[in-house]
Every structure is written in C-alpha cells, then in structure tokens.
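Trainee: I would like to go through the labels on this model and ask what each one rests on.
Mentor: Go ahead.

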Amino acid sequence: MNCAPSPQGTPAPPAAVAFYCAKDYRPEESAGYLMRQILTMVSQEVERQLAHTGLTNAQWVPLFKLYTGQASTPAELARECQLDAGAMTRTLDRMEAKGLCLRERSVTDRRVVTITLTAAGHQAAKVIPEALSRVQNAHLAGFSEEEFVLLKNLLRRILTNARAIHSAQLQNTNAQPTKGPHAA
C-alpha cells in the first residue's frame, strides 16, 4: 500500500490510507466498482420482480419515495432520485399517464407544484417494500446478523466519507473568487 502522491498533488483527506495505487489499479477490486455491480444487479432483480406491475426502475423509485413521504414536489423528488429536473418531468409525465400520480399547482403559490399518489399509485407502491425485502434478503444469503450489521456500518462510514468529500468540494468551489470583467 505504498503509493506515491497523485501527479496533481491533491492531498488526501486526513487519516486516509492508500488502499489503491495507480500503477496496479484493477477496477474489479475497487469497492466502488463492487458496490455499483451490486446496485445494478439488485435494481435489475427488483425491476424483474415488479414487472407484473408495469413499473420500471425509473418509475418505482420515485413512486416509492412519494409513497413513503420522502418528497412531495418535483424538485424534492428529483433531488431524492438524483435526477435533473427534465428527467424527473419526463418520468412524472409517464407516471401520470399510467394514472399513478397527479401534479397540482398550489393555490397559494402558483410556482409550487405538489405531487400526490392516486389510488392506483398507492396500490402499486404497496408491493414495492415486499419486492425490496425479498431481493435484498436473497442477496444477503449466508450472512449472519452480526455480519449484516457490520456491513451496514461499513457502508455508512463510506457514505459519511463521501458526504464529507462532497461538502469540502462545495465549500472549496464556493470559496474561490469569481473572475469577472473587473478582476485584476
């Protein structure tokens, strides 16, 4: 694990260990690659198990977030689903065409659009937790309860690190002076 600093000279965060080295980097050994592979396979299996509902991955995720109250506007839903506004609008168009949700403009603030699930949307969303539970339990076959708890804790640590890096990058970007026409 003895790697030279990157050519850009970017310092590593404090207490970071060089688990990877550019000279012998192998994507299939990367934690990120493995997590992405797992996420892809889990998503495909959830979509397969929800095929009878007619929901695609692009639809069941926002439907579930609406169902669980994690979002109620297109902007919130786009953030929660990590989509841009245009992609979310297209997804909501398809969901609305299927009769799963309704978009309504606020009477007090015409700029605000709220999304509500229809009765059909509630019915479709009810089966999502069952499919998610089945799929994730199948992927955790052979794990002990202690291993499962450890895995979640390790993944939370990675997520905490990722959020700290993202936050530091945002602060660094915001702290840099803008170069306008009057800059020296």
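Predicted model: local features only at pLDDT ≥ 70, side-chain atom pairs only at ≥ 80, totals over all residues.

Mentor: The protein has seven helices and two strands, in the order α-α-α-α-β-β-α-α-α.

Trainee: Why is Lys-65 called buried?
Mentor: Its relative accessible area is 15%, and the label applies under 20%. Lys-65 is therefore buried.

Trainee: Where is Lys-65 found, and what is it in contact with beyond its neighbours within four places in sequence?
Mentor: Lys-65 lies in helix α2. With those neighbours left aside, it contacts Gln-70, Ala-71, Leu-77, Glu-80 and Cys-81.

Trainee: What makes Cys-81 and Cys-101 buried?
Mentor: The cut-off is under 20% relative accessible area. Cys-81 has 15%, so it is buried; Cys-101 has 1%, so it is buried too.

Trainee: Which residues have the most contacts inside the largest nonpolar core?
Mentor: Trp-60, Leu-63, Leu-77 and Ile-128, in a core of 25 residues. Elements giving two or more residues to this core include α1 (31-49), α2 (57-67) and β2 (113-117).

Trainee: What does Leu-63 contact, leaving aside its neighbours within four places in sequence?
Mentor: Among its contacts are Leu-55, Met-95, Leu-117 and Ile-128.

Trainee: How much of the protein counts as buried?
Mentor: Of its 184 residues, 22%.

Note on methods: Residues numbered from 1 in each chain as written. Heavy atoms only, no water. Core = buried A, V, L, I, M, F, W, Y, C linked by side-chain atoms within 4.5 Å. Buried < 20%, exposed > 50% of the residue type's maximum accessible area, 1.4 Å probe, protein only. Contact = heavy atoms within 4.5 Å.
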